[in-house]
Amino acid sequence: RAKAYLVCAAPLLLRSLVQLRGRSPYLARRRRRRRRRAEASRMRTCWCALLLAVLSSTTPAAGLAYNERRKCPLMNVLLAEATFKKGMVIDVGANGGCEMATALRHGRRVIGVECLESAYHELRNVPHIEKHPNATLLHVCAGNSTRMAELNLASDSLSLIEDNVAHGKERAKVPTTGRVREPVVLVPLDQLLPPAEQVAVIKVDVQGGEYEVLQGLLQTITRDRPVIGYEDAGPKFKKHGNVRSLLKPLGYVCKRSGEDQVCSETP
């Protein structure tokens with residue numbers, strides 16, 4: 001009888017133990033702690049995902065998007081000056097691709113040199129530049145020697161000279177989040193350009209670094225006598241040197257065209 005009673009009572013005893021366990025203050029506290037830890041873990045995951053999303057959407061300096069309606073008066077002037085010169089176009093500071101596209105439309109072979117990483121990748125996404133058989137893109141910073149440097153980021157006014165992004169309108173273009181400088185490699189373009197190809201036009205727009213860029217191209221300039229155009233915003237930007245003084249001994253004369261200088265050999 002005792003065995004039969006135990007067999008019959010076992011399910012009732014088990015149910016009672018489970019109910020008692022469910023009412024245990026200690027076990028209830030453990031369950032609440034586990035729930036809080038799980039919620040905290042979910043919150044950390046959400047915050048990490050949100051932080052990654054914010055960081056990925058705040059690019060320090062973005063390359064200019066290509067706009068086929070944008071006008072490029074300097075390149076048009078340079079190409080007109082070089083009408084009777086054979087050879088390719090070197091576009092130093094190709095951000096936006098406007099000058100490259102203009103020269104390609106005129107049937108020139110073009111080497112575009114872009115220092116800013118995001119601007120270089122932006123150009124790689126322009127099909128009629130990236131896939132054009134006469135277009136070559138180089139992600140490198142032009143200079144007068146091979147060395148490491150820091151590029152100061154400021155939207156479309158980035159410069160290797162820090163003072164050029166520290167004042168006025170350029171200061172407002174400096175990123176407010178993320179990096180404000182980008183490590184880069186400087187290389188003289190004379191070391192990279194194919195020696196068998198003649199150069200007809202050199203255009204330089206690097207916010208004050210034009211002097212050093214052209215120093216790194218003196219072999220090419222002396223050999224081919226290309227038409228040269230460079231940005232000259234007067235006292236707006238600090239400069240590494242006087243480009244006119246650099247080119248004058250080579251027989252060049254420069255004339256102003258808007259905010260730019262166009263230099264060619266003395267007739």
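The following legends describe close-up views of a predicted model.

**Figure 1. Overall composition of the predicted model.** The protein comprises 10 helices and 10 strands. Of its 267 residues, 41% count as buried. Among contacts between residues at least 6 apart in sequence, 71% join residues at least 24 apart.

**Figure 2. Packing of helix 3 against helix 4.** Two packed helices are described by the angle between their axes and the distance between the axes. For helix 3 (residues 73-81) and helix 4 (residues 98-105), the angle is about 35° and the axes are 9 Å apart. The crossing of helix 3 and helix 4 is right-handed. Helix 3 contributes Met75, Asn76 and Leu79 to the contact, and helix 4 contributes Glu99, Thr102 and Ala103. By residue class, this contact of helix 3 with helix 4 consists of 3 nonpolar, 2 polar and 1 charged.

**Figure 3. The largest nonpolar core.** In soluble globular proteins, nonpolar side chains tend to be buried together. Here the largest nonpolar core contains 27 residues, and those with the most contacts inside it are Ile90, Ile202, Leu214, Ile221 and Leu247. At least two residues of this core come from each of the following elements: strand 1 (88-92), strand 2 (110-114), strand 7 (199-204), helix 8 (210-215), strand 8 (227-231), helix 10 (243-247) and strand 9 (252-257).

**Figure 4. Surroundings of Leu214.** Leu214 is one of the residues with the most contacts inside the largest nonpolar core. With residues up to four places away in sequence not counted, Leu214 touches Ile202, Val204, Ile221, Ile228, Val243 and Leu246. Ile202 and Ile221 from this group are likewise named among the residues with the most contacts inside the core.

**Figure 5. Strand 8 and its pairing with strand 7 and strand 10.** Strand 8 is mostly covered, with 5 of its 5 residues buried. Val227, Gly229 and Glu231 point one way from the strand, whereas Ile228 and Tyr230 point the other way; all are buried. Ile228 also belongs to the residues touched by Leu214. Strand 7 pairs with strand 8 in the parallel sense over 4 bridges, and Lys203 has Gly229 of strand 8 as its bridge partner. Strand 8 and strand 10 (residues 260-265) run antiparallel and are joined by 4 bridges. In this antiparallel pairing, Tyr230 stands opposite Gln261 of strand 10.

Conventions: Residues are numbered from 1 along each chain as its sequence is written. This is a predicted model: local features need pLDDT of at least 70, side-chain atom pairs count only at pLDDT 80 or more; totals for chains, interfaces and linings use all residues. Side-chain values use heavy atoms; hydrogens and water are left out. Axes are lines fitted to C-alpha atoms, for helices over the stretch in contact, and angles run from 0 to 180 degrees between N-to-C directions. A crossing is left-handed if the near helix is turned anticlockwise from the far one by less than a right angle, and right-handed if clockwise. Contact means heavy atoms within 4.5 Å. Ala, Val, Leu, Ile, Met, Phe, Trp, Tyr, Cys and Pro count as nonpolar, Asp, Glu, Lys and Arg as charged, and the others, Gly among them, as polar. A nonpolar core is a set of buried Ala, Val, Leu, Ile, Met, Phe, Trp, Tyr and Cys residues joined through side-chain atoms within 4.5 Å. Buried means under 20% relative accessible area, exposed over 50%, partly exposed in between (1.4 Å probe, protein chains only). Two strands pair if DSSP finds at least two bridges between them.
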